[in-house]
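Colleague: I'm new to this one and would like a close look at a single part of it. Could you take me through the charged side chains and what they pair up with?

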Amino acid sequence: MNTNDLKIFEAVAESGSFTKAASTMFTVQSNVTARIKSLEDEFGAKLFSRTSRKVELTSEGIILMQYCKQIQHLMEEAKRNILSSSHVNGSLKIGCIETTMALKVPEMLNAFEEKYPGIELEFKSDTRNSLISDVLNYKLDAAFVSAPLTINGLEKINIKEERLVILSSSEGPSLQALMLKEPLKIIVFDEGCIFRGRLESWLSHKGILNYKSTVLNSIEGIINFVEAGLGISLLPEEVISNYYSGRKIKSYGLNRQLGTMNTVLVFRKDGPQSRALQCFIDTYSPL
């Protein structure tokens with residue numbers, strides 16, 4: 001077995017076809033078949049179930065796929081660390097939720113790049129569950145997500161605590177009056193967003209089950225819609241006070257359970273970390 005065998009194995013798993021895998025790996029199908037047979041003989045297990053229409057991983061194949069991702073990640077880290085033995089450089093993929101992306105990333109970039117000019121940061125904005133999945137599956141090096149979080153294979157560092165508030169237009173009816181209307185209109189990010197989840201939990205706690213959601217994909221859009229009286233929303237108080245204090249918006253506090261969001265930095269704890277990731281983690285580690 002060699003690393004190329006594992007690449008062929010991954011290509012078959014991802015394409016669901018020996019023919020497509022051969023094309024991807026610039027080889028012939030007979031070689032792909034032979035290399036998979038060699039792996040199955042070495043592990044003493046069937047790695048794929050084959051039908052006339054598709055090739056799928058067996059339970060044993062799924063286990064090997066997880067190890068393949070780890071091996072590939074370790075090989076890439078080894079190359080980067082060997083090539084950068086005299087300087088800290090490389091690239092990192094960092095995940096974060098929408099508010100972190102819009103408001104905190106520029107500050108992060110400026111501070112981190114000034115200290116580590118050889119490290120290139122790439123940021124991805126997504127929902128909490130997607131970010132956690134991407135970290136576990138080696139698509140992201142680390143991610144800023146909301147707590148609580150206890151997942152095998154992940155380490156976390158506490159970053160900050162934020163206060164969440166309900167938002168409504170200052171030129172429209174009071175929040176109490178809006179809550180009497182049916183359906184209540186809410187302005188939210190897509191499913192999986194922590195702010196949407198907290199707002200829906202608050203509505204449920206208040207006994208409000210009939211509401212109409214308008215889904216937007218930017219903070220600016222949510223602020224504009226709330227200000228125009230098109231619905232209520234929920235965002236961190238810091239977002240409003242620091243960037244939208246002049247807008248025609250009212251904010252309403254929540255109880256501590258729903259109104260507090262703790263942000264943590266999560267990263268994998270298995271295997272050695274790149275020097276670049278160590279530098280990034282150290283930036284947020286408590287003294």
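Modeller: Let's start with a term: a residue is buried when its relative accessible area is under 20%, exposed when it is over 50%, and partly exposed in between. Keep in mind that this is a predicted model.

With that in hand, take Asp 134. Its relative accessible area is 9%, so it falls on the buried side. Asp 134 has a salt bridge to Lys 124, and the closest N and O atoms there are 2.4 Å apart. Asp 134 sits in helix α7 while Lys 124 sits in strand β4, so this pair ties together parts that are ten residues apart in sequence. Lys 124, at 32% relative accessibility, is partly exposed.

Helix α7 runs over residues 128-136, and Arg 128 is in it too. The side chain of Arg 128 does reach the backbone oxygen of Ser 146, at 2.8 Å. If you skip residues up to four places away in sequence, Arg 128 touches Val 145, Ser 146, Pro 148, Leu 149 and Gly 192.

Now for the other pairs. The salt bridges come to 13 in the count. One of them joins Glu 40 and Arg 50, with 3.6 Å between the closest N and O atoms. Glu 40 belongs to helix α3 (residues 29-43) and Arg 50 to strand β1 (residues 48-50), so here too the pair ties together parts ten residues apart in sequence. Glu 40 is buried at 8% relative accessibility, whereas Arg 50 is partly exposed at 39%.

Lys 248 and Glu 171 form a salt bridge as well, their closest N and O atoms being 3.5 Å apart. Lys 248 is in the loop between α11 and β10, and Glu 171 is in the loop between β6 and α8, so the parts this pair ties together are 77 residues apart in sequence. Lys 248 is partly exposed, at 43% relative accessibility, and Glu 171 is exposed, at 60%. Back at Asp 134, salt bridges that share partners make one network out of Lys 124, Asp 126 and Asp 134.

Last stop: Arg 256, in helix α12 (residues 256-259). Arg 256 has 59% relative accessibility, so it counts as exposed. Its side chain makes a polar contact of 3.1 Å with the side chain of Glu 161. Thr 260 is in strand β11 (residues 260-268) and is buried, with a relative accessible area of 12%. Beyond its neighbours within four places in sequence, Thr 260 is in contact with Glu 161, Glu 162, Arg 198 and Asn 255. So which two residues turn up in both stories?

How values were computed
Residues are numbered from 1 along each chain as its sequence is written. This is a predicted model: local features need pLDDT of at least 70, side-chain atom pairs count only at pLDDT 80 or more; totals for chains, interfaces and linings use all residues. Side-chain values use heavy atoms; hydrogens and water are left out. Helices (H or I, at least four residues) and strands (E, at least two) are DSSP runs, numbered from the N terminus. A polar contact is a pair of N or O atoms within 3.5 Å; within protein, one must be able to donate a hydrogen and the other to accept it, and residues adjacent in sequence count only if both atoms are side-chain atoms. Contact means heavy atoms within 4.5 Å. Buried means under 20% relative accessible area, exposed over 50%, partly exposed in between (1.4 Å probe, protein chains only). A salt bridge is a side-chain nitrogen of Lys or Arg within 4 Å of a carboxyl oxygen of Asp or Glu.
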